[in-house]
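Thank you all for making the time this morning. I would like to walk through one model with you, going from the overall picture to a few individual residues.

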Amino acid sequence: SLHSKLLGATMTSILIAGSGGYVGSFLVQHLSEKFDVIAATRSHQPFSDKAREVIHQDLAQPWRFKIDPDIIIYLAAQHKFSRQPATTDAFLKSNIHALYNALTFAESCKPKLFIYLSTISVLGEVREKSVTENSAIHNPDFYGTTKFLGEKLVQTFSEKVTTIAIRLPGIVGPNLPAGRPWLHTIAKKLQLGEDVEYYNPKSLFNNICDLWTINDFIIHLSAHPNWHSNNTVNLAASKPIQLLKVIDLMRERLKSSSSITARKTDKTSFTIDTNIVENKYGYLPATTTEMTNRFIDDFVFDFNHR
């Protein structure tokens, strides 16, 4: 604003495109403590008081608003948990057309950084023990395919705008909607004292990222916006631990009486390599243990306050 310019300190402004979803509404709430947040959303949002400005916009329609944010975060996505039915049309609109609009908008207003939230699902069936940014793609579903096309779109604009695509695994956080990711399903069973079956107990696990870490990494990026352009980076928990330890931790924290059975399976389990985010970006994500504990503490809190 003019007032803050006169004071000589302008606050970094962030446009969050797709602020109506689970991740988006959390980021609006928490990033607005440090930044001027402009929220673009199709639906009416309860966080309106947090954002400096709320733009009601179907992102797949042409963007006509006149703003020039310092950072654009694009996280609108159609996936199987979306409120909109998962039609081919919905996937294309949200994951391709709307993203293209965001990138052409970015090209005209030249933000310092364009952040695209992508997903490990772009890889489809993982056949490696450790997933890196260069892991091979095998038979992704339509969601994974459209998100991968999204990454390619972001790359095509990266000569004009500094971009980063962040590949995320299962996301956890406060008030997590049921059914996503499988840790939620297990936590619910543990809470209700139901029997829990899971596979590959000895395999290492770090395939989660919590909302606090996403928020934190964006703050970290905002302080150093001139990264080499056109990067794709995995963001997941650091320090993988055995799956049985994750389940034990949850069971203990939930004071659960569930019986737990581990089974062997042919399905390969994998960890996510976080070397690039740690070494190239100088950012250490929370550990698997920390994220599991935070998730369960929120879970207990949610349950007791409903």
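This is a predicted model: local features need pLDDT of at least 70, side-chain atom pairs count only at pLDDT 80 or more; totals for chains, interfaces and linings use all residues.

Of the contacts in the protein with a separation of 6 or more, 77% are between residues 24 or more positions apart, where contact means heavy atoms within 4.5 Å. Residues are numbered from 1 along each chain as its sequence is written, and side-chain values use heavy atoms, with hydrogens and water left out.

The protein has nine helices and 15 strands, these being DSSP runs numbered from the N terminus, with helices as H or I of at least four residues and strands as E of at least two. Of its 306 residues, 53% are buried, and here buried means under 20% relative accessible area, exposed over 50%, and partly exposed in between, with a 1.4 Å probe and protein chains only.

Let me turn to helix α4, residues 142-156, whose 15 residues reach 21 Å from the first C-alpha to the last, close to the 21 Å expected at 1.5 Å a residue; that expected span is 1.5 Å times one less than the number of residues. Among the buried residues of α4 are Y143, T146, K147, G150 and L153, and the cover over the buried residues of this helix includes α3 (88-109), β5 (113-119), β7 (163-168) and β12 (231-234).

Now the aromatic side chains, where the count comes to 10 pairs, on the rule that rings of Phe, Tyr and Trp (its six-membered ring) pair if their centres lie within 6.5 Å, with planes under 30 degrees apart counted as stacked, over 60 as edge-to-face and the rest as tilted. How are the rings of W63 and F105 arranged? Their centres are 5.2 Å apart and their planes at 50 degrees, so the pair is tilted. This pair links distant parts of the chain, with W63 in the loop between β3 (53-56) and β4 (71-74) and F105 in helix α3, 42 residues apart. Both W63 and F105 are buried, and together with F65 they form one aromatic cluster.

Finally, S13 is found in strand β1, residues 13-17, and is buried, with a relative accessible area of 8%. Leaving aside residues up to four places away in sequence, S13 touches D36, R52, D68, P69, D70 and I71.
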